[in-house]
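Good morning, and thank you for coming.

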Amino acid sequence: MSTLTETPSAPATARTYAAYSRPFWQRVVFSREFAVIALLIAAIVYSRSQVDYFDGPQTMYYLFRDSASILLLALPMTAIIITGEIDLSVASTVGLTSVAFGMLHNDAGLSAMVAAILAIGIGALCGAFNGFLVAYVGLPSIAVTIGTLALFRGIAAGLLGTESRTDFPDGWTDWAKQRIVEDQPYPMILIPFVILAIAFALLLHFSPFGRGVFEIGLNDEAAHFTGVDVARTKAILFVLAGTVAGFVGIYTTLVTGVARAENSQGLELQVIAAVLLGGVSIFGGKGALHGVIAGVLLIGVIQRAMLLNGQTINIINITIGVLLVLSVMSTSLLALARRVIEASRGARTSGRASGSDKTAPASGR
(Lines give C-alpha, C1' and ligand atoms only; values in the text may rest on other atoms or scores of the structure.)
Protein backbone atom coordinates (compact mmCIF):
# COMPACT_ATOMS: atom_id res chain seq x y z
CA MET A 1 0.00 0.00 0.00
CA SER A 2 1.36 3.33 -0.97
CA THR A 3 1.26 6.19 1.48
CA LEU A 4 0.51 9.70 0.35
CA THR A 5 2.19 12.48 2.27
CA GLU A 6 1.02 16.04 2.04
CA THR A 7 3.38 18.93 2.39
CA PRO A 8 1.68 21.71 4.37
CA SER A 9 1.68 24.96 2.48
CA ALA A 10 2.78 28.17 4.17
CA PRO A 11 -0.02 30.48 5.17
CA ALA A 12 -0.71 33.33 2.84
CA THR A 13 -0.06 35.86 5.58
CA ALA A 14 3.39 34.53 6.50
CA ARG A 15 6.08 37.19 6.60
CA THR A 16 9.51 36.66 5.12
CA TYR A 17 12.80 38.42 5.80
CA ALA A 18 14.31 38.30 2.36
CA ALA A 19 15.48 41.88 2.67
CA TYR A 20 18.04 40.82 5.29
CA SER A 21 19.73 38.55 2.77
CA ARG A 22 21.14 41.66 1.14
CA PRO A 23 24.32 43.35 2.43
CA PHE A 24 23.89 45.98 5.13
CA TRP A 25 24.91 48.86 2.87
CA GLN A 26 22.22 47.88 0.36
CA ARG A 27 19.57 47.80 3.09
CA VAL A 28 20.66 51.30 4.11
CA VAL A 29 21.05 52.88 0.67
CA PHE A 30 17.95 51.34 -0.93
CA SER A 31 15.54 52.59 1.73
CA ARG A 32 12.96 55.36 1.92
CA GLU A 33 14.88 57.02 4.76
CA PHE A 34 18.01 57.29 2.65
CA ALA A 35 15.94 58.61 -0.26
CA VAL A 36 14.49 61.37 1.97
CA ILE A 37 17.98 62.30 3.19
CA ALA A 38 19.17 62.45 -0.43
CA LEU A 39 16.21 64.69 -1.32
CA LEU A 40 17.03 66.95 1.64
CA ILE A 41 20.64 67.34 0.49
CA ALA A 42 19.49 68.00 -3.09
CA ALA A 43 16.95 70.59 -1.90
CA ILE A 44 19.61 72.40 0.15
CA VAL A 45 22.10 72.43 -2.74
CA TYR A 46 19.47 73.64 -5.21
CA SER A 47 18.15 76.32 -2.83
CA ARG A 48 21.65 77.64 -2.18
CA SER A 49 22.23 78.02 -5.93
CA GLN A 50 18.85 79.58 -6.74
CA VAL A 51 17.89 81.65 -3.67
CA ASP A 52 19.95 84.59 -2.44
CA TYR A 53 21.13 84.44 1.17
CA PHE A 54 19.50 81.03 1.68
CA ASP A 55 22.54 79.65 3.48
CA GLY A 56 22.99 82.78 5.58
CA PRO A 57 23.00 82.44 9.40
CA GLN A 58 19.74 84.37 9.75
CA THR A 59 17.84 82.18 7.28
CA MET A 60 19.14 78.96 8.81
CA TYR A 61 18.34 80.25 12.31
CA TYR A 62 14.67 80.81 11.44
CA LEU A 63 14.56 77.51 9.56
CA PHE A 64 15.61 75.59 12.68
CA ARG A 65 13.54 77.73 15.04
CA ASP A 66 10.35 77.41 13.00
CA SER A 67 10.86 73.67 12.51
CA ALA A 68 11.61 73.00 16.19
CA SER A 69 7.99 72.45 17.24
CA ILE A 70 7.39 69.97 14.40
CA LEU A 71 10.69 68.20 15.12
CA LEU A 72 9.75 67.73 18.77
CA LEU A 73 6.17 66.59 18.13
CA ALA A 74 7.31 64.22 15.39
CA LEU A 75 9.36 62.14 17.85
CA PRO A 76 6.44 60.54 19.77
CA MET A 77 4.18 60.74 16.70
CA THR A 78 6.60 58.44 14.86
CA ALA A 79 6.22 55.73 17.49
CA ILE A 80 2.44 56.13 17.63
CA ILE A 81 2.03 55.76 13.86
CA ILE A 82 4.39 52.77 13.82
CA THR A 83 1.90 51.01 16.13
CA GLY A 84 -0.83 51.69 13.57
CA GLU A 85 -2.47 54.48 15.62
CA ILE A 86 -2.51 58.25 15.18
CA ASP A 87 -2.80 61.34 17.38
CA LEU A 88 -4.54 64.33 15.83
CA SER A 89 -4.81 66.23 19.11
CA VAL A 90 -1.16 67.18 19.66
CA ALA A 91 -1.55 70.74 18.36
CA SER A 92 -4.65 71.29 20.52
CA THR A 93 -2.66 70.02 23.51
CA VAL A 94 0.00 72.60 22.64
CA GLY A 95 -2.66 75.33 22.65
CA LEU A 96 -4.16 74.16 25.95
CA THR A 97 -0.79 73.95 27.72
CA SER A 98 0.16 77.37 26.35
CA VAL A 99 -3.00 78.84 27.89
CA ALA A 100 -2.42 76.95 31.14
CA PHE A 101 1.16 78.23 31.37
CA GLY A 102 0.09 81.83 30.75
CA MET A 103 -2.77 81.74 33.26
CA LEU A 104 -0.83 79.91 35.97
CA HIS A 105 2.01 82.42 35.74
CA ASN A 106 0.09 85.65 35.09
CA ASP A 107 -3.23 85.08 36.88
CA ALA A 108 -2.34 82.61 39.65
CA GLY A 109 1.00 84.28 40.37
CA LEU A 110 3.07 81.09 40.22
CA SER A 111 6.70 81.23 39.22
CA ALA A 112 7.52 80.48 35.62
CA MET A 113 9.22 77.21 36.60
CA VAL A 114 6.25 75.92 38.63
CA ALA A 115 3.79 77.06 35.95
CA ALA A 116 5.81 75.29 33.25
CA ILE A 117 5.98 72.02 35.21
CA LEU A 118 2.23 72.10 35.86
CA ALA A 119 1.50 72.89 32.20
CA ILE A 120 3.63 69.97 31.04
CA GLY A 121 1.75 67.81 33.55
CA ILE A 122 -1.52 68.94 31.97
CA GLY A 123 -0.15 67.87 28.60
CA ALA A 124 0.70 64.44 30.05
CA LEU A 125 -2.86 64.15 31.40
CA CYS A 126 -4.25 64.96 27.95
CA GLY A 127 -2.10 62.20 26.48
CA ALA A 128 -3.16 59.80 29.24
CA PHE A 129 -6.81 60.52 28.46
CA ASN A 130 -6.23 59.68 24.79
CA GLY A 131 -4.23 56.60 25.69
CA PHE A 132 -6.91 55.30 28.08
CA LEU A 133 -9.66 55.59 25.47
CA VAL A 134 -7.55 54.02 22.72
CA ALA A 135 -5.62 51.35 24.63
CA TYR A 136 -8.03 50.23 27.34
CA VAL A 137 -11.49 51.18 26.08
CA GLY A 138 -10.57 50.04 22.55
CA LEU A 139 -11.84 53.04 20.60
CA PRO A 140 -10.25 53.95 17.24
CA SER A 141 -7.46 56.46 17.73
CA ILE A 142 -8.53 58.60 14.79
CA ALA A 143 -12.03 59.02 16.25
CA VAL A 144 -10.75 59.64 19.78
CA THR A 145 -8.16 62.23 18.80
CA ILE A 146 -10.49 64.06 16.43
CA GLY A 147 -12.80 64.44 19.42
CA THR A 148 -10.06 65.53 21.81
CA LEU A 149 -8.68 67.87 19.13
CA ALA A 150 -11.90 69.86 19.47
CA LEU A 151 -12.17 69.23 23.23
CA PHE A 152 -8.72 70.49 24.21
CA ARG A 153 -8.91 73.48 21.88
CA GLY A 154 -12.40 74.26 23.21
CA ILE A 155 -11.20 74.15 26.83
CA ALA A 156 -8.34 76.50 25.96
CA ALA A 157 -10.74 78.92 24.25
CA GLY A 158 -13.16 78.68 27.17
CA LEU A 159 -10.44 79.49 29.70
CA LEU A 160 -8.94 82.47 27.90
CA GLY A 161 -11.47 83.38 25.20
CA THR A 162 -10.07 85.91 22.76
CA GLU A 163 -7.66 87.30 25.35
CA SER A 164 -3.98 86.51 25.65
CA ARG A 165 -1.23 86.61 28.25
CA THR A 166 2.07 88.29 27.42
CA ASP A 167 3.87 88.91 30.72
CA PHE A 168 6.71 86.39 30.95
CA PRO A 169 10.23 86.60 32.44
CA ASP A 170 12.74 88.13 30.07
CA GLY A 171 15.25 85.40 30.83
CA TRP A 172 12.81 82.71 29.67
CA THR A 173 11.78 84.48 26.47
CA ASP A 174 15.41 85.32 25.69
CA TRP A 175 16.37 81.66 26.13
CA ALA A 176 13.69 80.57 23.64
CA LYS A 177 15.08 82.96 21.02
CA GLN A 178 18.75 82.67 21.91
CA ARG A 179 21.41 80.98 19.78
CA ILE A 180 23.75 78.32 21.10
CA VAL A 181 26.73 80.30 19.78
CA GLU A 182 26.49 83.94 18.77
CA ASP A 183 26.39 84.56 14.99
CA GLN A 184 25.69 80.86 14.39
CA PRO A 185 22.38 79.56 12.93
CA TYR A 186 21.59 77.13 15.75
CA PRO A 187 18.86 78.18 18.23
CA MET A 188 18.97 77.03 21.83
CA ILE A 189 15.89 74.82 21.35
CA LEU A 190 18.07 72.37 19.39
CA ILE A 191 19.71 71.27 22.66
CA PRO A 192 16.55 69.76 24.21
CA PHE A 193 15.58 68.43 20.79
CA VAL A 194 18.86 66.54 20.39
CA ILE A 195 18.50 65.11 23.91
CA LEU A 196 14.94 63.96 23.24
CA ALA A 197 15.83 62.64 19.78
CA ILE A 198 18.60 60.46 21.26
CA ALA A 199 16.24 59.25 24.01
CA PHE A 200 13.48 58.35 21.53
CA ALA A 201 15.96 56.71 19.15
CA LEU A 202 17.29 54.50 21.95
CA LEU A 203 13.75 53.73 23.11
CA LEU A 204 12.40 52.93 19.65
CA HIS A 205 15.33 51.24 17.91
CA PHE A 206 17.50 49.79 20.68
CA SER A 207 15.19 48.52 23.42
CA PRO A 208 12.70 45.71 23.99
CA PHE A 209 9.99 48.36 24.31
CA GLY A 210 10.77 49.61 20.82
CA ARG A 211 10.71 46.10 19.38
CA GLY A 212 7.28 45.72 20.92
CA VAL A 213 6.18 48.95 19.19
CA PHE A 214 7.13 47.52 15.78
CA GLU A 215 5.52 44.16 16.57
CA ILE A 216 2.26 45.89 17.45
CA GLY A 217 2.33 47.71 14.13
CA LEU A 218 2.88 44.48 12.22
CA ASN A 219 0.25 42.48 14.10
CA ASP A 220 -1.01 43.53 17.52
CA GLU A 221 -2.60 40.14 18.22
CA ALA A 222 0.62 38.30 17.46
CA ALA A 223 2.51 40.85 19.58
CA HIS A 224 0.19 40.08 22.48
CA PHE A 225 0.94 36.36 22.23
CA THR A 226 4.69 37.03 22.18
CA GLY A 227 4.46 38.81 25.53
CA VAL A 228 4.05 42.45 24.50
CA ASP A 229 1.62 44.40 26.69
CA VAL A 230 -0.16 46.09 23.78
CA ALA A 231 -2.47 48.30 25.83
CA ARG A 232 0.26 49.56 28.15
CA THR A 233 2.63 50.26 25.24
CA LYS A 234 0.05 52.34 23.39
CA ALA A 235 -0.93 54.20 26.57
CA ILE A 236 2.71 55.07 27.31
CA LEU A 237 3.20 56.43 23.78
CA PHE A 238 0.15 58.69 24.05
CA VAL A 239 1.35 59.97 27.44
CA LEU A 240 4.76 60.72 25.90
CA ALA A 241 3.05 62.58 23.04
CA GLY A 242 1.07 64.70 25.51
CA THR A 243 4.16 65.42 27.60
CA VAL A 244 6.21 66.54 24.59
CA ALA A 245 3.23 68.63 23.40
CA GLY A 246 3.17 70.30 26.82
CA PHE A 247 6.85 71.20 26.45
CA VAL A 248 6.18 72.53 22.94
CA GLY A 249 3.34 74.61 24.38
CA ILE A 250 5.82 76.28 26.77
CA TYR A 251 8.32 76.84 23.95
CA THR A 252 5.70 78.26 21.60
CA THR A 253 4.49 80.66 24.29
CA LEU A 254 8.00 81.89 25.04
CA VAL A 255 9.22 82.21 21.45
CA THR A 256 6.13 84.20 20.41
CA GLY A 257 5.73 85.96 23.76
CA VAL A 258 1.98 85.25 23.71
CA ALA A 259 -0.17 82.61 25.40
CA ARG A 260 -3.45 82.14 23.55
CA ALA A 261 -5.83 79.38 22.56
CA GLU A 262 -4.96 79.63 18.84
CA ASN A 263 -1.29 78.76 19.30
CA SER A 264 -0.09 76.02 16.90
CA GLN A 265 -3.52 75.63 15.31
CA GLY A 266 -3.27 73.22 12.36
CA LEU A 267 0.22 72.06 13.33
CA GLU A 268 -0.88 68.43 13.70
CA LEU A 269 -1.25 68.10 9.91
CA GLN A 270 2.30 69.31 9.34
CA VAL A 271 3.61 66.86 11.94
CA ILE A 272 1.81 63.89 10.38
CA ALA A 273 2.89 64.97 6.89
CA ALA A 274 6.52 65.12 7.98
CA VAL A 275 6.34 61.70 9.67
CA LEU A 276 4.82 60.04 6.60
CA LEU A 277 7.23 61.83 4.29
CA GLY A 278 10.07 60.53 6.46
CA GLY A 279 9.26 56.92 5.56
CA VAL A 280 6.90 55.83 8.34
CA SER A 281 4.13 53.60 7.01
CA ILE A 282 0.61 54.83 7.72
CA PHE A 283 -0.33 51.14 8.15
CA GLY A 284 2.20 50.69 10.95
CA GLY A 285 5.17 48.42 11.52
CA LYS A 286 7.75 50.38 9.54
CA GLY A 287 9.71 53.59 10.04
CA ALA A 288 12.86 55.19 11.47
CA LEU A 289 13.51 58.41 13.36
CA HIS A 290 16.38 59.59 11.15
CA GLY A 291 14.06 59.53 8.13
CA VAL A 292 11.42 61.50 10.02
CA ILE A 293 13.91 64.17 11.08
CA ALA A 294 15.08 64.45 7.47
CA GLY A 295 11.42 64.72 6.37
CA VAL A 296 10.77 67.61 8.77
CA LEU A 297 13.87 69.46 7.59
CA LEU A 298 13.00 68.78 3.93
CA ILE A 299 9.60 70.42 4.37
CA GLY A 300 11.24 73.32 6.22
CA VAL A 301 13.84 73.85 3.50
CA ILE A 302 11.20 73.82 0.75
CA GLN A 303 8.97 76.26 2.63
CA ARG A 304 11.82 78.66 3.48
CA ALA A 305 13.27 78.60 -0.06
CA MET A 306 9.88 79.23 -1.68
CA LEU A 307 9.10 82.06 0.76
CA LEU A 308 12.43 83.74 0.01
CA ASN A 309 11.72 83.27 -3.69
CA GLY A 310 8.44 85.18 -3.38
CA GLN A 311 6.00 82.27 -3.64
CA THR A 312 2.61 82.54 -1.93
CA ILE A 313 1.57 80.31 0.94
CA ASN A 314 -1.01 78.59 -1.30
CA ILE A 315 1.65 77.51 -3.79
CA ILE A 316 3.81 76.28 -0.92
CA ASN A 317 0.95 74.22 0.54
CA ILE A 318 0.18 72.71 -2.87
CA THR A 319 3.83 71.72 -3.32
CA ILE A 320 4.05 70.12 0.13
CA GLY A 321 0.73 68.35 -0.44
CA VAL A 322 1.86 66.87 -3.76
CA LEU A 323 5.13 65.77 -2.16
CA LEU A 324 3.23 64.07 0.67
CA VAL A 325 0.85 62.24 -1.71
CA LEU A 326 3.78 61.00 -3.78
CA SER A 327 5.58 59.80 -0.66
CA VAL A 328 2.52 57.86 0.50
CA MET A 329 2.03 56.39 -2.98
CA SER A 330 5.68 55.43 -3.31
CA THR A 331 5.33 52.35 -1.09
CA SER A 332 2.54 50.90 -3.23
CA LEU A 333 4.27 51.83 -6.47
CA LEU A 334 7.54 50.22 -5.36
CA ALA A 335 5.69 47.07 -4.27
CA LEU A 336 3.92 46.93 -7.65
CA ALA A 337 7.19 47.39 -9.52
CA ARG A 338 8.79 44.65 -7.41
CA ARG A 339 5.95 42.23 -8.21
CA VAL A 340 6.20 43.02 -11.93
CA ILE A 341 9.97 42.41 -11.91
CA GLU A 342 9.59 39.15 -9.99
CA ALA A 343 6.82 37.99 -12.34
CA SER A 344 8.95 38.75 -15.41
CA ARG A 345 11.89 36.88 -13.88
CA GLY A 346 9.64 33.91 -13.12
CA ALA A 347 8.33 33.91 -16.69
CA ARG A 348 11.87 33.94 -18.14
CA THR A 349 12.95 31.15 -15.78
CA SER A 350 9.96 28.96 -16.69
CA GLY A 351 10.55 29.69 -20.38
CA ARG A 352 14.17 28.55 -20.17
CA ALA A 353 13.11 25.43 -18.25
CA SER A 354 10.50 24.47 -20.85
CA GLY A 355 13.01 25.05 -23.63
CA SER A 356 15.50 22.74 -21.90
CA ASP A 357 12.83 20.04 -21.65
CA LYS A 358 12.15 20.22 -25.39
CA THR A 359 15.81 19.86 -26.35
CA ALA A 360 16.59 17.09 -23.84
CA PRO A 361 17.17 13.60 -25.49
CA ALA A 362 14.49 11.02 -25.00
CA SER A 363 15.42 8.25 -22.58
CA GLY A 364 15.25 4.62 -23.74
CA ARG A 365 12.89 2.02 -22.30
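The model is a predicted one: local features need pLDDT of at least 70 and side-chain atom pairs count only at pLDDT 80 or more, while totals for chains, interfaces and linings use all residues. Residues are numbered from 1 along each chain as its sequence is written, and side-chain values use heavy atoms, with hydrogens and water left out.

Let me start with the overall build. The protein has 14 helices and 0 strands; helices (H or I, at least four residues) and strands (E, at least two) are DSSP runs, numbered from the N terminus. Of the 365 residues in the protein, 43% are buried. Here, buried means under 20% relative accessible area, exposed means over 50%, and partly exposed lies in between, with a 1.4 Å probe and protein chains only. Contact means heavy atoms within 4.5 Å. Among contacts between residues at least 6 apart in sequence, 76% join residues at least 24 apart.

I turn now to the second largest pocket, whose volume is about 640 Å³. It is lined by 24 residues, and those closest to its centre are Asp66, Ser67, Ser69, Leu267 and Gln270. A word on the terms: on a 1 Å grid over the protein atoms alone, a pocket is an open set of points where a 1.4 Å probe fits, with protein on both sides within 12 Å along at least five of seven lines, and lining residues have an atom within 4 Å of a point. Grid points are joined across faces, edges and corners, and the volume is the space filled by probe spheres set on the points.

Which helices supply at least two residues each of this lining? They are H3 (57–82), H11 (230–256), H12 (267–277), H13 (289–308) and H14 (313–359). The largest share, 6 residues, comes from H3. By type, the lining divides into 8 nonpolar, 11 polar and 5 charged residues. In this count Ala, Val, Leu, Ile, Met, Phe, Trp, Tyr, Cys and Pro are nonpolar, Asp, Glu, Lys and Arg are charged, and the others, Gly among them, are polar.

Helix H11 also holds Val248. Val248 counts as buried because its relative accessibility is 0%. Beyond its neighbours within four places in sequence, Val248 is in contact with Ser69, Leu72, Leu73 and Val94. Val248 and Leu72 are 176 residues apart in sequence, yet 7.3 Å apart in space, C-alpha to C-alpha.

Next, the aromatic rings. The whole structure contains 5 aromatic pairs. Rings of Phe, Tyr and Trp (its six-membered ring) pair if their centres lie within 6.5 Å; planes under 30 degrees apart count as stacked, over 60 as edge-to-face and the rest as tilted. Phe64 and Tyr186 form a tilted pair, 5.8 Å centre to centre with 40° between the planes. Phe64 lies in helix H3 and Tyr186 in the loop between H7 (170–177) and H8 (190–205), so the pair ties together parts that are 122 residues apart in sequence.

Elsewhere, ring pairs link Phe101, Phe168 and Trp172 into a cluster. Arg179 lies over the face of Tyr61, at 4.3 Å from the ring centre; a charge sits over a ring if NZ of Lys or CZ of Arg is within 6 Å of the ring centre and within 35 degrees of the ring normal.

Thr59 lies in helix H3 and is buried, with a relative accessible area of 12%. Not counting residues up to four places away in sequence, Thr59 touches Tyr53, Phe54, Arg304 and Leu308.

Ser264 is in the loop between H11 and H12. Most residues other than glycine have a negative phi. The phi of Ser264, however, is near 60°, a positive value in a residue other than glycine. Ser264 counts as buried, at 16% relative accessibility.

Finally, Gly84 lies in the loop between H3 and H4 (90–106) and counts as partly exposed, at 39% relative accessibility. Gly84 touches Gly217, Phe283 and Gly284, again leaving out residues up to four places away in sequence. The C-alpha atoms of Gly84 and Lys286 are separated by 9.6 Å, although these residues are 202 apart along the chain.
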